[in-house]
Amino acid sequence: MKKYLSITIFFLIFSWALIETEVSLARFIKGLADIKFFLVEMWPPDFSEVSAVFPDFLISLKMAFFATLLGSIVAYPFAMLSAKTITKNIFLTTLFRLVLNVIRTIPDLLLAALCVALFGANPFAGAIALTFFSFGIITKLLYESLDSINEEPLRAISSVGGSWMSRIKYGASPIILPQFLSYCLYVFEINIRAAAIVGLVGAGGIGVWFNVNFDLGQYSKISSLLLVMFAIVTIVDYLSEKIRKKLMKT
Amino acid sequence: MNKKNWVLWIIGLISFFYITIEIWPQGNKKGAEMFSKVFSGENGLLNPEWGIMPSISSGLIESFQIAIIGTTFAGIFALIFGFLGSENISPKPVSIFCKLLMNAIRTIPEILMAIIFIVGVGPGAFAGILALGFHSIGTLSKLTAEIIESLDPKPMEAVLAVGGSRLSTFRYSAWPQILPEFLSILIYRLEINIRAASVLGMVGAGGIGKTLFFALMSRNWNNVGAIILGIIVVVTIVDFFSSRIRAKLI
């Protein structure tokens, strides 16, 4: 009964949304001709500019690296403060979790646009935006795993009078470190993708060139950039997955 | 910590400082001044303009609609591609081809997809739905294929052993295993898509992003503050229901 009720509710919401947003198959099919024109223009990819914009690919990579490192270093203590097993203070952990939840609701591009307003249209703005973004994700993943670690070593430390710091150093860190590193790599994968698009709002990196080429209508250059990006993302994903598998074994 | 880890940390920190120096914004000495201007003060983010709440809420509702339709469509296609891509069900060449295709789709960022679809169907919510839908097919299919690959074969063998047809094997042993996990990743994807849908409008694909874009362009921080507040509220509500439903499913 409850099952049918939820299905009905979902269908009502879904059809309301369909009507309001004027989704129509006819419009999509009509639009396909224009999209096809666009895709035909994209082929063959024009690699002539890739070597010229290669430094910006590197900038994107550097932004992702910067953000992952800084974000994870800051995330570590905050995750400890939000973990119920480490910090035995419900008020404190709830407060930190609330703040972290709010930070995580803000989309990466919005953060980037705000940072551009603050720091100007440069890679630094993008790097700071991605740092906030990574901080939010790593902290959440980390405190969730900390919530489910074996509490006995922690209790042993507390019972001999260990402080909050020594609980982290001797109780939590040895258990959680491999997982922490694995989360950092995962966030690095996300950041590589995000670093490529924050340029669309002016925050540096390769995204700037997507914008420029769109405005100039040089679609074949866009497809070459996408292909290089695909190669970079694939390599990073492959390496990161290999390292993560190794980390999980130890 | 052993010697190898220390070396890695030192290399990481040195490259971090190197990158910081490289991307440090030059000629932007008004940082602190900009900070106080953007955040506090009469025209700052922290003093949101309540008067535009009606137009914000209609934008937010549209973003929600974009996310829910995009995710649903992607879910339907992801089921098909998930089966085609799973190594244990479909033939090997098909599954490899499907996985490669999905990887390629996932590389194209949502925001670039939105630009492509705007070319086809014109600016508005429909372009946003198509962009989110296509991008989500990539990620959802990969996850669905992984669910199918990790199916427990024993219940299926049991149905086959008592003389069940292929269809009833699927209906009574595979499907009940797939459905809860599939719904869970679908709802998780909705959480991601609601964030994406709130920035897609920045390139013209409907939703609150359009209002946000104009507010950012005209540096109207009161309006930006109100919009960010609205996004935080909507995303928090969606996250809340989503985590409750997912907890029930698993």
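This is a predicted model: local features need pLDDT of at least 70, side-chain atom pairs count only at pLDDT 80 or more; totals for chains, interfaces and linings use all residues.

Colleague: Okay. At what angle do α3 and α4 of chain B pack?

Modeller: About 130 degrees. Helix α3 covers residues 53–85 and helix α4 covers residues 92–107. Their axes are 7 Å apart.

Colleague: Which residues make the contact?

Modeller: From α3(B), they are B:F81, B:L84 and B:G85. From α4(B), they are B:V94, B:S95, B:C98, B:K99 and B:M102.

Colleague: And how many are nonpolar, polar or charged?

Modeller: Five are nonpolar, two are polar and one is charged.

Colleague: New topic. Where does B:G138 lie?

Modeller: In helix α6 of chain B, residues 125–149.

Colleague: Is that glycine buried or exposed?

Modeller: B:G138 is buried. Its relative accessible area is 0%, and the cut-off for buried is under 20%.

Colleague: What is B:G138 in contact with, leaving aside neighbours within four places in sequence?

Modeller: B:M102, B:I105 and B:R106. B:M102 also takes part in the contact of α3(B) with α4(B).

Colleague: Last one. What about the phi of B:R219?

Modeller: The phi is positive, about 50 degrees, although B:R219 is not a glycine. Most residues other than glycine have a negative phi.

Colleague: Where is B:R219 found?

Modeller: In the loop between α9 (208–217) and α10 (221–249) of chain B. B:R219 is partly exposed, at 45% relative accessibility.

How values were computed
Residues are numbered from 1 along each chain as its sequence is written. Chains are lettered from A and ligands numbered from 1 in the order in which they are written. Side-chain values use heavy atoms; hydrogens and water are left out. Axes are lines fitted to C-alpha atoms, for helices over the stretch in contact, and angles run from 0 to 180 degrees between N-to-C directions. Helices (H or I, at least four residues) and strands (E, at least two) are DSSP runs, numbered from the N terminus. Contact means heavy atoms within 4.5 Å. Ala, Val, Leu, Ile, Met, Phe, Trp, Tyr, Cys and Pro count as nonpolar, Asp, Glu, Lys and Arg as charged, and the others, Gly among them, as polar. Buried means under 20% relative accessible area, exposed over 50%, partly exposed in between (1.4 Å probe, protein chains only).
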